[in-house]
Each structure stands twice: as C-alpha cells, then as structure tokens.
Amino acid sequence: AASIAVFLSVGLYFWMDTKSDTSMSLALLENNTSSLADDEIVLIESDDKMQLKDESSIKYDMDGKSNAEQHVVKEEINQIIVPKGRRADITFSDGTKMYVNAGTRVFYPAVFKKDKREILVEGEVFLEVEKDPSRPFIVKTNRFEVKVLGTQFNVCAYKEDAFTSVVLVNGSVEVNSGKNNRSVLSPNQMIKVNDKGTDIKEVDVFEYICWKDNMMMLNGRKVGETLDRLSRYYGRNIWYNEEIGNIPISGKLDLRENMEDVINIICQSMFLQYKTDANNNIIISK
C-alpha cells in the first residue's frame, strides 16, 4: 500500500454540558474544518508527525498510549479522518476495535471515562465493542445515537446519503433517533433512519459488514448505489446516467482487485461498457 502521511497535532478537549458532565458534542462534526477530500489519512492528536501506510492499525493501551506516538494523552478528543480510497482500524483503550471505511471521520477519546464510552461518527464504521456493563458504549451521529454494552454492529452515517443505518451482528443495541423514538435491535436486523422516520427489517448482515474484509456483496441492489459505493471505496469518480443507475445487480465483488477490474466485471455482467477520461474519471454507458 502506498505510504501516506498521518499528522498528529494538538487534541481537542471534551465539551462540557450544563451539568459539568464530560460529553462529546455533535458540534465537533459540524464545526470542524478538516477536509475529507485529501488523499491522506489524518490523525489529529499531538504535535508529532509520522508516515504510515493505508489500512494502518492504530492501537491504544489503557493509559492512552498508542503505537503511533510515545507519550500519554489524557482528557483529550482525538480525530481520525480517512478519505475516499483509504481504510484504517483502531483498537481503543478499553479493547474495543473499530474498522473505519473510506470517506469517514471519527472523534474519540484516548482514554474513555469511568461512566461511559463515547465516540462521534460521520461515515461508516464497524465496531467490536468490548463488554463492560458499568460503562455503556455510545456512538453519536447527526441522525441517531446508538447505545450498547458489548456487541458487534455496523454504523453507516455519511452526510451525503439519503438515509443512515445501523446493522446488528450479535447482542443488542438501542437506537435513539430523537423525539422519544427509541428502537432496540435484535441480531440480523437493520434500522434505517431518515427525515421521515425509521424502518427496521431483517437482513443478511454479511452484506453490510463485508467491506471491512475488502468485499462487496450485492443482493438486488441498484447499479447506481453500487457504483457510488465503489467510487467512495476507491476514491475515484464514476459517471453514469439514471437509466443505468436503476438496473438491479447481484453478486460478489473482490475489492482487493484494482478498480478497473471490478468495473469490468460489472460491465460484462450487465452488458455495459466503460472508458476512462483525461481526469481519470470512469464513464459507464450502454
């Protein structure tokens, strides 16, 4: 994988609410100006800089020390920004592991509080939460909040998407989408949240979590949705018209292959063709 810069700079401190409770504010997602359009994974943490590779693994110990730096960080909010075409994973101080998909930013503390564990997400992450009955694990997004004690689940909350979602692999999660709208999911269920409300249904969870294993499962999804996901995953623009975008497609894609090979597989199966323009954009047509 190409070597890319991971920048470490001064962390942001917890925002305090009126009860002096250390709680992470969604304003961090709205007010932060760091760009997701850059080609580098950016870790905002301290003044140090170092080179890491794509798909790097960052691990924090119980004192907040990570394998990316040698000093203790306490009472700080760190931020990782993973642009399109990149992926990373983090093991938090409590042992929880988080896989971070392309085009995602996450705010998290180096050391979790004694009464709760909180992170903010814009984009897509898969979490394997270490069980701790005394400290619920809370994931906040712009549309909902997920509360768990210990389980595996996927959160997809891209700002540009029409809806956000949670898919539960095992255990139990509580999703609060506001206005006293709380839902408890069972394994193999997905909740979709948009401006009109929520919808819960049974799903094949592997289809929604296999991205962390560099795969994409398609079960009657539209070609347009698939191409948009591939564009985000590989970090390159794909152009197509509405007629092509509405065609249903099923199958399995190996995302370890280069983008052209994956696009070629789709085009051959759907009787489409593609070309690359001078700006390295992919254009698909009948």
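When I say that two residues are in contact, I mean that they have heavy atoms within 4.5 Å of each other. With that in hand, let me take you through this structure, which is a predicted model, so local features need pLDDT of at least 70 and side-chain atom pairs count only at pLDDT 80 or more, whereas totals for chains, interfaces and linings use all residues. Residues are numbered from 1 along each chain as its sequence is written, and side-chain values use heavy atoms, with hydrogens and water left out.

I will start with the overall picture. The protein has five helices and 23 strands, where helices (H or I, at least four residues) and strands (E, at least two) are DSSP runs numbered from the N terminus. Of its 286 residues, 51% count as buried, and buried here means under 20% relative accessible area, with exposed over 50% and partly exposed in between, using a 1.4 Å probe and protein chains only. The protein exposes about 14,000 Å², of which carbon and sulfur atoms supply 47%; the areas come from the Shrake-Rupley method with a 1.4 Å probe, and for residues only the protein chains shown count as cover. Among contacts between residues at least 6 apart in sequence, 54% join residues at least 24 apart.

Now to helix α3, which runs over residues 223-234. Its twelve residues should span 16 Å at 1.5 Å a residue, and its end C-alpha atoms are 16 Å apart, which agrees; the expected span is 1.5 Å times one less than the number of residues. Nine of the twelve residues are buried, among them Leu-227, Leu-230 and Tyr-233. What covers these buried residues includes β19, α4 (242-245), β21 (248-254) and α5 (259-270). After the helix comes Gly-235, whose phi is positive, near 75 degrees.

Arg-232, within α3, is buried because its relative accessible area is 13%. Its side chain is joined to that of Asp-161 by a polar contact of 3.0 Å, a polar contact being a pair of N or O atoms within 3.5 Å, where within protein one must be able to donate a hydrogen and the other to accept it, and residues adjacent in sequence count only if both atoms are side-chain atoms. Leaving aside neighbours within four places in sequence, Arg-232 is in contact with Lys-84, Gly-85, Ala-102, Tyr-158, Glu-160 and Asp-161.

Arg-221, by comparison, is placed in strand β19 (residues 215-222), and it counts as buried because its relative accessibility is 9%. The side chain of Arg-221 makes a polar contact of 2.9 Å with the side chain of Glu-225. With neighbours within four places in sequence again left aside, the contacts of Arg-221 include Glu-207, Tyr-208, Thr-226, Arg-229 and Ile-247.

Turning to a sheet, there is an open one of three strands in the order β20-β23-β22, with mixed pairing. Because β20 and β22 (273-276) each have a single partner strand, they stand at the edges, and one side of each is left without a neighbour in the sheet. β20 and β23 pair in the parallel sense over two bridges, and two strands pair if DSSP finds at least two bridges between them. Ile-238 stands opposite Ile-282 in β23.

Finally, the cysteines. Taking a disulfide as a pair of cysteine sulfur atoms within 2.5 Å, the count comes to zero. Cys-156 is buried, with a relative accessible area of 14%, and Cys-267 also counts as buried, at 2%.
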